[in-house]
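Here's a quick briefing to read with the model open beside you.

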2 protein chains.
Amino acid sequence: MSKIDESLLSALPPFRRLERSQIREILDLATSRRFEEGIAVFSEGLKADRFYLLLDGYIRVVRSTPGGEHVIALHIAPGQLFGIAPAIGRDTYPATAMTAAESIALSWPVSLWQTFVEKYDGFASETYKVVGERMQDLHAQIVELATQAVEQRLASALLRMANQSGRKVDGGVEIAFPVTRQNISDMTGTTLHTVSRLLSAWQKQGIVESTRRHIVVTEPQRLADLSGTAG
Amino acid sequence: MSKIDESLLSALPPFRRLERSQIREILDLATSRRFEEGIAVFSEGLKADRFYLLLDGYIRVVRSTPGGEHVIALHIAPGQLFGIAPAIGRDTYPATAMTAAESIALSWPVSLWQTFVEKYDGFASETYKVVGERMQDLHAQIVELATQAVEQRLASALLRMANQSGRKVDGGVEIAFPVTRQNISDMTGTTLHTVSRLLSAWQKQGIVESTRRHIVVTEPQRLADLSGTAG
DNA sequence: ATTCCTGTTTGCGCAAAAGCAAAGAGAGCC
DNA sequence: GGCTCTCTTTGCTTTTGCGCAAACAGGAAT
């Protein structure tokens, strides 16, 4: 395992208040691993034995139905913790974490969670803040699914991805990881057909630009208008 | 304020591991208050100055959209904490808490949260477990909204209410608080019309029995079949 | 008893989006 | 270059469930 630099962690919320030496301790306890695209880092229902920090890449948090369908609840961007079942008193993972792109993550055994919380100042409060934010996101998604039409949900989903993980390119904002129509329909509770039709229509209007597994939002403002929300 | 008996709290998860004297301390710091039906205990976005424990009654956790619609995300039953913004690092309430029936709740200023967490064994871990369970519920609701048809969502919603707050009566399971068709449509992301139609149909089939603001599930099994989920 | 208010039922037409089906098109592999 | 696989597009049909509208009913207040 290659030696990781302390500066990687020192800027991240959970570790922000720590000394360099403390970060070194934490890093020395971590396992670093690379995951190919399309791999399950861990799966829903399995015993939660490790928690993770995403260094590079993107993770989709997915829940499956008994009927074999699945829903993408949120995306994890680099620098964020995931698989933090212990933080919410669970001993199994509540969802599956799939890599949306090739990814690198640190992980620690859950047995260290309690230690981190007690020993490292700010770790607990920052991680609970993360939990709170995710809850916000879930709430927002429920409201969206319950009240908005497909077109608006799709617009919101694109904006969310563009905001959370967008790269500025000359033509607009590029979503930084591969997305299929099917993926998007899993986020918005619709079908890939409907997504395809809407994206085609928007492309004709110059709002987005998309190729296979790749989307650039060229006019975020018009998408925001379509999404119907102030945000 | 009338004196509250320690035994009220001693069986509840957050306080289960505490000594009687500790419970007394906690109770002495609490404010008890009665709320009429249909009142907002606190509102989305306001400064979170207190956290609550529901002693009696029922609470609906509601989120509103900019467009004036609202969605009922979950119900709180007696014995549960709510308004626990401080647990997730927030200083404003993320949703509105409406009384679904006349209710009585204890509350404490948020400034005491940190004290409770540090001083009382098990308080932190039990409350985080609650947060985890709520997250589970939210996730489940997202999956439901994204993948199930209205009929199945409605069946699930009725079952959820019946399970969480059902009273056994001779004809079946009675939902213990007043619910309107509109309320149910706010839980399932549909319209009161559709809810009314489905309930009428089910009543004809003998699955439910309903009068104004009042529902009895007479055949939970058949509802479960309709809901399409194993649960 | 009368009135008002809130909640409920029901019918009808329509639009949105799902289902079905089939063809096309990049991208990687041999 | 040809092949396969996955992803995407598009046309057509069918269905679901919403919107609108109007009437009805139980309760509470006067």
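Helix H7 of chain A gives the largest share of the surface near DNA strand D, with six residues. Keep in mind that this is a predicted model. On the other DNA strand, C, the top contributor is H7(B), again with six residues.

**Around DNA strand D**

- In total, 20 residues surround DNA strand D, and the closest are A:Thr180, A:Ser200, B:Ala149, B:Val150 and B:Thr194.
- Both chains take part: helix H6 (181–188) and helix H7 (192–204) of chain A, plus helix H5 (150–165) and helix H7 (192–204) of chain B, each give two or more residues to this surface.
- Sorted by class, the surface near DNA strand D has ten polar, six charged and four nonpolar residues.

**Around DNA strand C**

- DNA strand C also has 20 residues around it, and A:Ala149, A:Val150, A:Thr194, B:Thr180 and B:Ser200 come nearest.
- Here the elements giving two or more residues are helix H5 (150–165) and H7 of chain A, along with helix H6 (181–188) and H7 of chain B.
- The class breakdown near DNA strand C is four nonpolar, ten polar and six charged.

**How the two chains are related**

**Where the chains touch**

- On each side of the interface there are 30 residues: 30 of chain B are in contact with 30 of chain A.
- Strand E5 (70–76) and helix H4 (123–147) of chain B each supply at least two residues to the side of chain B that touches chain A.
- H4(B) has the largest share of that side, at 15 residues.
- By class, the side of chain B that touches chain A splits into 16 nonpolar, ten polar and four charged residues.
- The copies meet through the same surface, because 100% of the interface residues of chain B are also interface residues in chain A.

**The sheets**

- In chain B, four strands make an open sheet in the order E1-E8-E3-E6, with antiparallel pairing.
- Strand E1 (31–35) and strand E6 (81–82) of chain B sit at the edges with a single partner strand each, so one side of each has no neighbour in the sheet.
- E1(B) and strand E8 (residues 103–109) of chain B run antiparallel and are joined by five bridges; B:Arg33 has B:Ala105 of E8(B) as its bridge partner.
- Chain A has an open four-stranded sheet with the order E1-E8-E3-E6, and its pairing is antiparallel.
- Its edge strands are strand E1 (31–35) and strand E6 (81–82) of chain A, each pairing on one side only.
- Strand E3 (residues 50–56) and strand E8 (residues 103–109) of chain A pair antiparallel over six bridges, and A:Leu53 stands opposite A:Leu106 in E8(A).

**A look at H5 of chain B**

- At 1.5 Å a residue, the 16 residues of H5(B) should span 22 Å, and its end C-alpha atoms are 22 Å apart, so the two agree.
- Buried residues in H5(B) include B:Arg153, B:Leu154, B:Leu158, B:Leu159, B:Arg160 and B:Met161.

Notes: Residues numbered from 1 in each chain as written. Chains lettered and ligands numbered in written order. Predicted model: local features only at pLDDT ≥ 70, side-chain atom pairs only at ≥ 80, totals over all residues. Pairing = 2+ DSSP bridges. Near = placed C-beta within 6 Å. Nonpolar A, V, L, I, M, F, W, Y, C, P; charged D, E, K, R; others polar. Expected span 1.5 Å × (residues − 1). Buried ≥ 20, exposed ≤ 12 C-beta atoms within 10 Å, placed from the backbone. Contact = placed C-beta atoms within 7 Å.
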